[in-house]
Amino acid sequence: MSQLLLDVNELTMRFGGLLAVNAVNLKVRNRQIVSIIGPNGAGKTTVFNCLSGFYIPTDGSVLFNGDQLAGLKDFQISRKGLVRTFQHVRLFSKMTVIENMLVAQHRHLNTNLFAGMFKTPSYRRLEQEAMDRAIYWLEEVDLLQHANREAGYLAYGQQRKLEIARCMSTQPELLLLDEPAAGLNPFETKELDQLIIRLRDEHEISVLLIEHDMGLVMGISDHIYVIAQGTPLADGTPDEVKQNPDVIKAYLGES
Amino acid sequence: MRGSLYNAIFAAGITLVLACLMLGVRLGAEGTTLAVTGAGADRWGWILAGVGVVFFGQLFANQVDALFGRIPKPNLSALKPQGSSWNTLKPWLLSALVVGLLVWPFMVSRGAVDLATLTLIYIMLGLGLNIVVGLAGLLDLGYVAFYAVGAYTYALLSEYFGFSFWMCLPIAALLAATFGFILGFPVLRLRGDYLAIVTLGFGEMIRILLNNWTSITGGPNGISGIEKPTLFGLEFSRRASEGNQTFHEFFGIDYSSGHKVIFLYLIAVLLVIIVIYLINRLMRMPIGRAWEALREDEIACRSLGLNRTVIKLSAFTLGASTAGFAGCFFAARQGFISPESFIFIESAIILAIVVLGGMGSQIGVILAAIVMTILPELAREFSDYRMLMFGLLMVVMMRWRPEGLVPMKRPHLELK
Ligand SMILES: Nc1ncnc2c1ncn2[C@@H]1O[C@H](COP(=O)(O)OP(=O)(O)OP(=O)(O)O)[C@@H](O)[C@H]1O
Ligand SMILES: [Mg+2]
């Protein structure tokens with residue numbers, strides 16, 4: 001079996017009296033697509049916020065590539081190769097598509113002021129590499145013809161794709177996608193489905209996915225975790241989860 | 001309709017209350033006691049007319065808006081020739097502009113050159129604040145503090161240690177940057193309104209400090225007799241100070257006080273060109289893009305590995321150093337500075353320049369700085385109403401063109 005990339009143990013997040021995440025365990029291996037599902041308000045986004053450093057978890061440990069993430073700031077975590085998207089699209093909407101892609105690669109560029117002022121060879125080389133990577137990923141999500149348009153003017157589905165491309169240009173090892181299919185039409189969902197599979201199979205990264213679209217989740221996941229009201233309910237392969245009586249009850253019985 | 005009637009009554013009521021308090025009654029001395037006197041009939045007439053204007057203005061707000069909407073908006077970018085012809089034309093136009101700027105002062109009056117110098121100072125300040133507010137989106141209401149730091153740096157170093165203008169220029173920029181850094185560090189985690197209030201307070205602190213530290217800064221009396229800049233050691237005064245030579249002696253021409261004015265103007269042109277060039281490069285560098293990204297979405301920046309503290313600090317520090325640069329020149333040109341020159345209104349004017357110009361746009365800021373310094377001069381007779389006109393201009397602009405005179409244009413990147 002492939003190597004363990006993300007290892008979450010007993011992750012707990014409490015907001016005052018509300019236990020939003022209660023002792024959640026998660027494991028993501030290299031080149032795996034793992035999904036988290038659960039009803040609205042189950043605490044899925046909160047798990048993402050804890051993993052990416054936006055919240056400081058009340059309890060539990062997060063190991064990424066064997067390193068503890070506790071105590072690291074959000075931007076430090078993303079530099080380690082754990083990058084996320086948001087439930088609501090967050091683009092730099094007044095900047096162009098290609099600028100969005102370049103900003104994401106900030107840390108791979110030569111940000112020394114003097115190097116930039118005098119356009120030193122190293123500055124030019126890194127700038128060119130970033131440009132090439134941006135073009136590569138825009139082509140990959142079929143947005144290259146829009147490169148010089150303002151991101152805010154793109155259609156919704158294109159904005160979603162740009163967000164993923166922007167994350168990929170940072171060269172992550174684990175991509176966290178928060179409901180990437182929300183608001184997409186069936187054709188766009190199919191495209192997304194293919195893209196996520198390509199990320200795993202061709203680009204060899206892992207994806208941790210939150211999604212309500214069961215067709216998408218069941219079709220592409222290697223492993224699924226179900227949480228309800230912050231508490232782990234079940235986990236397993238898509239088939240195991242589909243047949244789990246607790247899951248059926250949570251999804252059908254009580255809604 | 002009911003909503004706008006209610007609005008109109010409300011606005012007219014507020015106008016009436018304010019006008020009554022500020023214009024309708026007057027406090028005066030009567031012998032040894034204070035007495036309140038009411039205004040005469042003609043003033044009440046004016047107040048009622050004003051209330052009427054506000055009432056109908058609000059009642060027909062939509063129509064007024066439509067009226068503003070109908071004023072044509074010049075599309076400046078359409079004037080620009082497209083594509084390759086622009087690329088060949090651009091260097092020629094720029095050199096023509098620079099030559100024009102250099103030749104022009106020899107053909108006009110002293111007053112005009114002096115005004116142009118002042119305009120150039122405001123251009124520098126506007127460009128500097130544009131980094132902080134227009135690009136990085138950090139509302140700084142105490143920008144004038146850094147301007148003061150720059151000015152006092154030169155004034156004090158020259159008075160106590162005899163440093164020259166040219167030596168002080170980088171020192172002033174560095175010192176202002178240091179102040180920006182020290183202030184920025186604790187406050188940059190604040191957002192929006194909070195940041196505005198803290199910077200406002202900082203601006204006042206610096207001014208009050210300068211006012212009260214009498215032993216060093218001279219307090220409200222300020223510092224006078226600040227050395228003028230020299231041209232490679234040549235002075236522009238009538239008689240040289242000990243061991244120096246004057247410009248007119250060296251070149252064997254007659255003394256003219258105009259030389260000094262033109263010289264100062266040329267320095268200002270030089271400084272502005274340097275500032276424009278540097279900021280223009282910065283905007284195209286990773287740091288410039290990061291500033292804008294931070295303005296657009298801070299959370300997305302953090303999720304992509306951008307360290308917001310470093311990025312905000314760099315915007316704040318570089319903006320401050322530009323103000324320090326401008327301040328140093330201001331002290332040298334003026335020859336006299338006092339805390340009076342660094343009041344809040346100055347910060348407000350510089351901010352207005354950035355907003356009027358079109359947040360983030362360099363050409364816009366330059367145009368707005370020209371408008372904001374030349375208009376008050378043209379309307380000298382109305383100088384009592386300066387703030388009133390200032391307010392009116394802002395209201396009209398926000399109605400007519402909220403995006404500013406020349407909204408920022410995105411750079412077009414070649415993909416190859
Ligand atoms: N910052 C916060 N402060 C207080 N409560 C919070 C905070 N963030 C989330 N919560 C609460 O935690 C619970 C879980 O929210 P979360 O957003 O993680 O749910 P979710 O599973 O992502 O739901 P959805 O499918 O609707 O996106 C909710 O009850 C929410 O109100
Ligand atoms: Mg959610």
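Here are some friendly notes on the predicted two-chain model above, covering the two domains of chain A, the make-up of chain B and the interface of the two chains.

1. **Ground rules.** This is a predicted model, in which local features need pLDDT of at least 70 and side-chain atom pairs count only at pLDDT 80 or more, while totals for chains, interfaces and linings use all residues. Residues are numbered from 1 along each chain as its sequence is written, chains are lettered from A in the order in which they are written, and side-chain values use heavy atoms, with hydrogens and water left out.

2. **Domains of chain A.** Chain A is assigned domain 1 (1-81 + 173-255) and domain 2 (91-171); bounds of this kind come from an automatic or database domain assignment. The C-alpha centres of domain 1 and domain 2 of chain A are 27 Å apart.

3. **How the domains of chain A meet.** In domain 1 of chain A, 20 residues are in contact with 13 residues of domain 2 of chain A (contact means heavy atoms within 4.5 Å). The two domains of chain A bury about 1200 Å² between them, with 63% of it on carbon and sulfur atoms; buried area is the accessible area (1.4 Å probe) that two parts lose on being put together, summed over both. A:R79, A:L195 and A:H203 supply 32% of what domain 1 buries against domain 2 of chain A, more than any other three residues.

4. The rule finds two salt bridges across the interface of domain 1 and domain 2 of chain A, a salt bridge being a side-chain nitrogen of Lys or Arg within 4 Å of a carboxyl oxygen of Asp or Glu. In chain A, the side chains of A:E140 and A:R198 also meet in a salt bridge, at 3.4 Å from N to O.

5. **The domain 1 side.** α2 (74-79), β7 (174-178) and α7 (186-201) of chain A each supply at least two residues of the side of domain 1 that touches domain 2. Helices (H or I, at least four residues) and strands (E, at least two) are DSSP runs, numbered from the N terminus. α7(A) gives the largest share of that side, six residues.

6. **Chain B by itself.** Chain B has 18 helices and six strands, and its C-alpha trace spans about 75 × 75 × 50 Å along its principal axes. Of its 416 residues, 43% count as buried (under 20% relative accessible area, 1.4 Å probe, protein chains only). Among contacts in chain B between residues at least 6 apart in sequence, 74% join residues at least 24 apart.

7. **Where chain B meets chain A.** Here 32 residues of chain B are in contact with 41 residues of chain A, and the two chains bury about 3200 Å² between them, 65% of it on carbon and sulfur atoms. B:R289, B:L304 and B:L415 supply 22% of the area that chain B buries against chain A, more than any other three residues.

8. **Salt bridges and helices at the chain interface.** The rule finds four salt bridges across the interface of chain B and chain A. B:D297 forms a salt bridge with A:R90, with the closest N and O atoms 2.9 Å apart. α12 (257-284), α13 (286-296) and α14 (298-303) of chain B each supply at least two residues of the side that touches chain A, and α13(B) gives the largest share, eight residues.

Terms used: Buried means under 20% relative accessible area, exposed over 50%, partly exposed in between (1.4 Å probe, protein chains only).
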